[in-house]
Amino acid sequence: MIRIEHISKRFKKLQALNDITAEFSKGQVVSLIGPNGSGKTTLIKCILGMVRPDSGKIFVDETPINGDPSYREKIGYMPQIGRYPDNMKVGHLFKMLMNIRNTNDPSTVAQDNRIDNYLIEHFELEKIFEKPMRTLSGGTSQKVSAAVAFLFDPAILILDEPTAGLDPLASEILKEKILTEKKKGKLILITSHILSDLDELTTHIFYMQEGKMQFFYNIETLQEETGELRLGKAIARIMKGEQFSNAWIDEMLINKKDEKIY
Amino acid sequence: MMKLSRYVLYDILRSKIIIAYTLFLFIVSMSMFQMEENSSKAMLSLLNIVLIVLPLISLIFTTIHYYNSYEFIELMASQPMSRTRIILSEFAGVSLSLLCAFLIGVGIPIFLFAADATGFALLFTGSALTLVFTSLAFFASVRARDKARGIGAALLLWFYFALIYDGLILLLTFNLADYPLEKIILALVSLNPIDIGRIFVVLKMDISALMGVTSALYKDFFGSGTGILFTLGIMLLWIFIPLWLAVSKFKRKDL
C-alpha cells in the first residue's frame, strides 16, 4: 500500500533520511523504532506530504505522491503533539473535519457508516464536546487526536507515539482499537518508545538509526533469529550483536519494569 | 475553502485580544469625536491612529496567530486539503476578523459623527491597510521558521513602513528641494501603503488647501477618478503580491 523508493532528506547539517527503501502492505502493523532524532517522524511526514524529500519517490496505492492531496483521504494520522485552536470547541473540531471531508452532519453520524466513532464513545469525548480546546489537558488532547485519526475509518493509520501521555485505561482502549483495525486488514504504522506497548500489536519491525534503515524484519524472523519472545529483549539482542549504539534500549527496558505497576 | 476559514474566524472572534482591540478602537474613536469640536480635526487625529496602530496590530496579531496555530496547520496538512487552500483559509479567517474589529471599532463612530467622503476614505484606507499588513505578516511568518524571528521581521516591517520610509522621503525632498520632484515623490509614495493611504485621506479634507502648490497638484490627481482607481490598484497590489509570495513559499515548505 505504501512503497518508498530511495528517499533522502537533508535539513541543513542534519541528514534526516538517508536513502530509505521499503514497502508496507495491507494487514501489517509496522513499528518504526529508533533513538530520538533517527528520522522516524520525518519519514512519517514525508508519507503525509508535509515534508518534501530531496530525492526519491513515495507511492500510496501505486499512485506517486505529488501535489494532489486526495490520497490523504486514505490516511488517518495521529500526531505526536496535538494542539488545536484555543477557542474551538471539541465538538466543533469533529464537525469541521467532517465538513472538510464532505461527510454528513454529526447529528446523523449514527447512520453514516463512513464515520467510526468508537473512540469518541469509549474515551467519553461527548462529555467534553462543549469545552474549548485550550482547557484540555495534554492527555485529553491526545485522546482527541486519536479519535480524529480513526474517525474516517481510513485504510492506512499512522500513529506517532500514540500511547505517550495517555492514562493506562485510555492506552488499553486505544490498543484494543488498534488490534480491531489490524484484524480488518489495515496497514498501521506506529512509532513508539514503549516497546511493551508494541509487543502484542506489531507484525513487523522497522529499525532506524541516523536516518538509515537498519533492518525491516517481521516479528517471527526476529524471534527466531534472537531466540527471544519479548520484543524489547529481541531488539536489545540484535543491537548488541550488531554493535549499534544501544544505550537507549537499556533505558527502554528499565521503563518497562516501571510499567508493571499498572 | 470557506469551510475551514469559517472555523478559523469563529475561533479568532472569540479570542480576548480581538475583542480588546475592537473596544480600544471604539473607545479611542468615540473620545476623539467627543473631545474635538470640529469633526475634521477629530478625523485627523483618528487618521494618525489608524495609520500607526492598525498596521502594527495587524502584523503582530497575524504573526502570533500563525505560530500558535502551527500544529493545527500541520493537522490540516494531513487531511485531504491542498496547501494553498489551508493558507488561504487561514488568511481569510485572520483578515476578516481584523476587518470586523476595525469596521465595528472605527466604522460605527464614523457613521455616527462623520458620515461624509472623508469618513469613507478613512474606512477604505483602514480596511486596505489591515489587509495589506495581514498579507505582509503572512509572508514574514511563512518564511521564518522561528517564532521570535517572525515577530522580529514583522516589527521591522512596521518600523520601515511607519517611520523609516517617511524619514527617507523627507531627506530626499530636503536635499533636492530645487528640483521638481512632485511626480517622483508620487511614485515613491506608492511604494509605501501607509503613505498612499495618508495622502488619499488628507486630500479629502478641507485643510489640504493649506498645504501649498504640491498639494494642489496631488489634489487634482487623487481627487479625480483616476486617482481613486490608482489608490485602489496600488493597495490591491500590496495585498496580493505578499500573499502570492506567501502561498508559493508555503506550498514548497517543510512543515
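Predicted model: local features only at pLDDT ≥ 70, side-chain atom pairs only at ≥ 80, totals over all residues.
1. The buried set includes A:Thr140, A:Gln142 and A:Lys143, and it runs on through A:Val144 to A:Phe150, with A:Ala146 and A:Val148 among them.

2. The helix spans residues 138–150 of chain A and reaches 19 Å from its first C-alpha to its last, close to the 18 Å expected. Among the elements covering its buried residues are α2 (90–100), α3 (118–122) and α5 (168–183) of chain A, together with the strands β6 (75–78) and β7 (156–160).

3. Now to the sheet. Chain A has an open sheet of 6 strands in the order β6-β7-β8-β3-β9-β10, with mixed pairing. β6(A) and β10(A) each have a single partner strand, so one side of each lacks a neighbour in the sheet. Direction ignored, neighbouring strands are turned by 15° against each other on average.

4. β6(A) and β7(A) pair in the parallel sense over 4 bridges; A:Ile75 has A:Ile156 of β7(A) as its bridge partner. α4(A) packs on the sheet by touching these two strands, and its direction makes about 175° with that of β6(A). Helix α1(A), residues 40–47, lies across β3, β7, β8 and β9 of chain A, at about 150° to β7(A).

5. Do look at the chain contact as well: 20 residues of chain B are in contact with 25 residues of chain A. On the chain B side, α1 (2–13) and α4 (70–77) each supply at least two residues, and α4(B) gives the largest share, 5 residues. That side divides into 8 nonpolar, 5 polar and 7 charged residues.

Conventions:
Residues numbered from 1 in each chain as written. Chains lettered and ligands numbered in written order. Contact = placed C-beta atoms within 7 Å. Nonpolar A, V, L, I, M, F, W, Y, C, P; charged D, E, K, R; others polar. Expected span 1.5 Å × (residues − 1). Buried ≥ 20, exposed ≤ 12 C-beta atoms within 10 Å, placed from the backbone. Pairing = 2+ DSSP bridges. Axes fitted to C-alpha atoms, helices over the stretch in contact; angles between N-to-C directions.
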